[in-house]
Amino acid sequence: MDTLAQPSHDTAISRPDELLVLVLQGGGALGAYQGGVFEALSKAGARPDWVAGISIGAINAALIAGNPPESRVEAMRAFWHEVSSTITFGPPLPGLYARTAFNEGSALSSILFGIPGFFAPRVPPTYFVPNGTPSDLGYYDTRPLRETLLRLVDFDRLNNGDMRVSLGAVNVATGNFRYFDSRTTRIGPEHVMASGALPPGFPPVEIDGEWYWDGGLVSNTPLQYILEEDWQHDMCVFQVDLFSARGPLPQTIYDLAEREKDIRYSSRTRLGTDMIKERQRERRAIHRLLDKLPPELADDPDVAFLKDRENDASVTIVHLINRMREYSRDSKDYEFSRTTVDERWQDGTEDAIETLTHPRFVHREKPKLGIEVLDLCPAERTAKRAGPRAALPKT
């Protein structure tokens with residue numbers, strides 16, 4: 001492992017006039033990467049004002065918001081230790097082939113036997129209950145996750161603390177996306193579970209008479225919601241993605257499914273960020289224009305309309321992306337071996353420290369054009385993890 005400079009506690013992660021926001025993408029077992037990122041942020045003194053998540057990102061968000069600052073990393077480690085407790089040994093032999101086979105065997109174990117504290121095969125299988133309730137419509141029983149959440153998350157703290165929490169899910173009947181937001185909704189374990197109820201593996205979750213599936217079916221990244229909900233405050237947003245939109249052209253049949261999954265669940269992150277940047281520039285232009293108008297137009301209906309859409313706020317988006325490993329395949333989001341979970345956690349820690357100590361982050365100023373995106377992890381580090389696959393042509 002490379003030796004990394006540790007971020008100084010004297011280096012402010014966010015300015016006093018900024019909201020510190022965490023945006024956590026969904027991605028199953030890949031979510032251990034977010035744990036490593038948060039550990040580095042926490043050690044540097046980060047105290048988020050707002051955390052938004054989808055699927056496994058919603059679980060990590062609940063673990064953060066539902067614990068006091070000094071216990072948040074411990075709660076996340078407890079969760080990831082439990083879900084990786086089935087296979088605590090490593091590959092029996094060195095080398096890429098042995099590691100790939102080991103990971104595929106671990107993923108197969110998840111399919112056959114479930115994951116402790118998370119989900120278990122349904123008994124009797126769904127196939128034998130053709131006319132059951134919607135809560136039966138999944139290959140697995142997710143009641144173990146509910147018990148884990150109740151044990152590791154203080155929902156009174158989550159709902160009554162200073163940190164805002166937003167969790168994304170999709171209504172099964174209407175197909176509409178919805179965010180459960182602690183400002184308007186008292187969040188319980190069912191809201192977290194709804195955000196991660198990915199079909200056909202997991203059944204939908206009922207909330208107030210409606211049934212919800214995993215928000216990743218519509219959008220796996222909560223960034224747009226954050227910036228549309230609050231455009232009045234300056235923000236420093238740590239966007240922690242588990243799937244990379246950019247990647248090598250598949251060279252074998254085994255690469256196809258992984259690349260397709262990366263594209264699908266990255267939710268066009270970069271395109272969305274570019275669109276948000278342009279919208280923020282428009283809002284700031286409106287703000288400057290309104291200042292130039294003569295006083296007699298103050299009550300004009302068109303001016304009133306524009307005032308509801310203008311602002312002079314600035315947003316710094318710090319982008320951290322879980323990149324592929326040389327041995328990874330499309331099963332990576334349900335491969336929960338302790339070896340792999342620990343590696344993903346370490347990857348997140350390394351990437352976060354690299355970012356927090358980078359001169360562009362340490363000496364950043366208020367963005368002049370409304371939004372600035374910082375993706376500061378060196379290409380050499382991510383290429384080293386991917387091995388020869390990183391050298392393949394890019395689209």
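Visitor: Quick one to start: what's the relative accessibility of E190?
Guide: It's 25%, so E190 counts as partly exposed. In these terms, buried is under 20% relative accessible area, exposed is over 50%, and partly exposed is in between (1.4 Å probe, protein chains only).

Visitor: And what am I looking at here?
Guide: A predicted model, where local features need pLDDT of at least 70 and side-chain atom pairs count only at pLDDT 80 or more, while totals for chains, interfaces and linings use all residues. Residues are numbered from 1 along each chain as its sequence is written, and side-chain values use heavy atoms, with hydrogens and water left out.

Visitor: Back to E190, then. Which side chain does it meet in a salt bridge?
Guide: R146's, at 3.9 Å, N to O. A salt bridge here is a side-chain nitrogen of Lys or Arg within 4 Å of a carboxyl oxygen of Asp or Glu. The pair links distant parts of the chain: E190 sits in helix α7 (residues 189-195) and R146 in helix α5 (residues 143-152), 44 residues apart. Helices (H or I, at least four residues) and strands (E, at least two) are DSSP runs, numbered from the N terminus.

Visitor: How many salt bridges are there in the whole structure?
Guide: A search turns up 23. One of them joins R325 and D347 at 2.7 Å, N to O. R325 is in the loop between β10 (315-321) and α12 (338-356) and D347 is in helix α12, so the pair ties together parts 22 residues apart in sequence.

Visitor: Is D347 buried or exposed?
Guide: Buried, with a relative accessible area of 3%, whereas R325 is partly exposed at 22%.

Visitor: Which residues are linked in a network of salt bridges?
Guide: R15, D17, E18, D234, R364 and K366.

Visitor: New topic: where does UniProt put the active site?
Guide: The unreviewed entry places that feature at S55 and D214. UniProt positions follow the numbering used here, feature names are shortened, and annotations may be inferred rather than shown by experiment.

Visitor: What joins the side chains of D214 and S55?
Guide: A polar contact of 2.7 Å. That term means a pair of N or O atoms within 3.5 Å; within protein, one must be able to donate a hydrogen and the other to accept it, and residues adjacent in sequence count only if both atoms are side-chain atoms.

Visitor: Where is each one found?
Guide: S55 is in the loop between β2 (50-54) and α2, and D214 is in strand β8 (residues 210-214). S55 counts as buried at 12% relative accessibility, and D214 counts as buried at 2%.
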